[in-house]
Amino acid sequence: MNSARKTKLKLKQHKPRNPLVAPALQRKAGSHRKSHKSERQAQQRALKRELNA
């Protein structure tokens, strides 16, 4: 049992994250238009409205 007590668990230390990256990514501007997915959905809704009317 003495040998079990002497064994220590060693964990890898990860490199610390850069604290300036997260705010920079949040400030990054995206495109100022609707995504292709939202345009496609809007077209599908418009088509259904036309077919049901």
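A residue counts as buried when its relative accessible area is under 20%, as exposed when that area is over 50%, and as partly exposed in between (1.4 Å probe, protein chains only). The structure looked at here is a predicted model, where local features need pLDDT of at least 70, side-chain atom pairs count only at pLDDT 80 or more, and totals for chains, interfaces and linings use all residues. Residues are numbered from 1 along each chain as its sequence is written, and side-chain values use heavy atoms, with hydrogens and water left out.

What does the chain fold into? It has three helices and zero strands, in the order α-α-α; helices here are DSSP runs of H or I with at least four residues, strands runs of E with at least two, numbered from the N terminus. Confidence comes as pLDDT, on a scale from 0 to 100. Its mean for the chain is 85, with 91% of residues at 70 or more.

As for burial, 0% of the 53 residues count as buried. The C-alpha atoms fill a box of roughly 85 × 30 × 10 Å along the principal axes.

One salt bridge turns up in the whole structure, meaning a side-chain nitrogen of Lys or Arg within 4 Å of a carboxyl oxygen of Asp or Glu. It joins Glu39 to Arg33, with the closest N and O atoms 3.9 Å apart. Glu39 is partly exposed at 31% relative accessible area, while Arg33, at 57%, is exposed.

Key:
pLDDT is the predictor's confidence in each residue, from 0 to 100.
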